[in-house]
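Biologist: Can you walk me through this fold? I'll jump around a bit.
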Amino acid sequence: MDASILKTLIEEAIAARRSSYSPYSGFKVGAALLAQNGDTFTGCNIEISGHTATCCAERTAIFKAVSQGITSFTAIAVVGGPGDALIDSCFPCGVCRQALAEFCGEDFIVIVAESADKWRKFSLNDLLPHRFSEKKS
Ligand code: THU
């Protein structure tokens, strides 16, 4: 995938992070999910008192897309950190990895970014090998 597309995706994740609702942790996360049709769906983390109902940025983006009938994706960019800072290793949590695996293949690209110029690229299989699936392979 073209590096400029990934850079734009990271910038969209950084912008989405501004909407993070994280009064309990102060840790703000943004995600930008690129669909196969070229559309982008963004998400931020949304924290709920009691924590169980909290939704991560990645799942916010996935649920937005799927709720609009889009279920095929090529890549996601994720950024996060405390306050205004971005850390270099804001990886999708285990639950979000499984949620991505519901819709994305092993070669789906996961970009973990610290800035639009500093990022690392993984495949979903790197992050979630031996995924659980009820589907027959
Ligand atoms: N968080 C995400 O948004 N995505 C992840 O993959 C990991 C964690 C959020 C959840 C919570 O609001 C905050 O980061 C601190 O755990």
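Biologist: Which residues of H2 are buried?
Modeller: This is a predicted model, to be clear. In H2, the buried ones are Ala57, Glu58, Arg59, Thr60, Ala61, Ile62 and Ala65.

Biologist: What covers the buried residues of H2?
Modeller: The cover includes strands S1, S2 and S3. Helix H3, residues 94-103, is also part of it.

Biologist: And what follows H2?
Modeller: Gly69 does. Its phi is positive, near 90°.

Biologist: On to the sheet. In what order do the strands run?
Modeller: The order is S2-S1-S3-S4-S5. Those five strands make an open sheet with mixed pairing.

Biologist: Which are the edge strands?
Modeller: S2 and S5, the latter covering residues 119-123. Each of these pairs on one side only.

Biologist: How are neighbouring strands turned against each other?
Modeller: By 20° on average, direction ignored.

Biologist: Where does H1 pack?
Modeller: On the sheet. H1 touches S1, S2, S3, S4 (109-113) and S5. The direction of H1 makes about 140° with that of S1.

Biologist: Take S1 and S3. In which sense do they pair, parallel or antiparallel?
Modeller: Antiparallel, over nine bridges. S3 spans residues 73-82.

Biologist: New topic: Glu47. Where is it?
Modeller: In the loop between S2 and H2, with H2 running over 57-67.

Biologist: Buried or exposed?
Modeller: Glu47 counts as buried because its relative accessible area is 8%, and the cut-off is under 20%.

Biologist: Which side chain of opposite charge is nearest to Glu47?
Modeller: Arg59, but that one is 11 Å away. Glu47 has no salt bridge.

Biologist: Then which side chain makes a polar contact with the Glu47 side chain?
Modeller: The side chain of Ser25 does, at 2.5 Å.

Biologist: What else does Glu47 touch, beyond four places in sequence?
Modeller: The contacts include Tyr21, Ser22, Pro23, Tyr24, Phe27 and Thr54. Ser25 is on that list as well.

Biologist: How far is Glu47 from Ser19, C-alpha to C-alpha?
Modeller: 12 Å, with the two 28 residues apart along the chain.

Biologist: Last one, Ser20. Where does it lie?
Modeller: In the loop between H1 (3-17) and S1.

Biologist: Why is Ser20 called buried?
Modeller: Ser20 is classed that way because its relative accessible area is 13%, with the limit set at under 20%.

Biologist: Which side chains make polar contacts with that of Ser20?
Modeller: Ser22 is one partner, at 2.8 Å. Asn45 is another, at 2.6 Å.

Biologist: And what does Ser20 touch outside its sequence neighbours?
Modeller: Leaving out residues up to four places away, Ser20 touches Phe27, Lys28, Val29, Cys44 and Asn45. Phe27 also turns up among the contacts of Glu47.

Definitions and conventions:
Residues numbered from 1 in each chain as written. Predicted model: local features only at pLDDT ≥ 70, side-chain atom pairs only at ≥ 80, totals over all residues. Heavy atoms only, no water. Helix = DSSP H or I, 4+ residues; strand = E, 2+ residues; numbered from the N terminus. Buried < 20%, exposed > 50% of the residue type's maximum accessible area, 1.4 Å probe, protein only. Polar contact = N/O pair within 3.5 Å; in protein donor to acceptor, adjacent residues only side chain to side chain. Contact = heavy atoms within 4.5 Å. Pairing = 2+ DSSP bridges. Axes fitted to C-alpha atoms, helices over the stretch in contact; angles between N-to-C directions. Lys, Arg positive; Asp, Glu negative; His and termini not counted. Salt bridge = Lys/Arg side-chain N within 4 Å of Asp/Glu carboxyl O.
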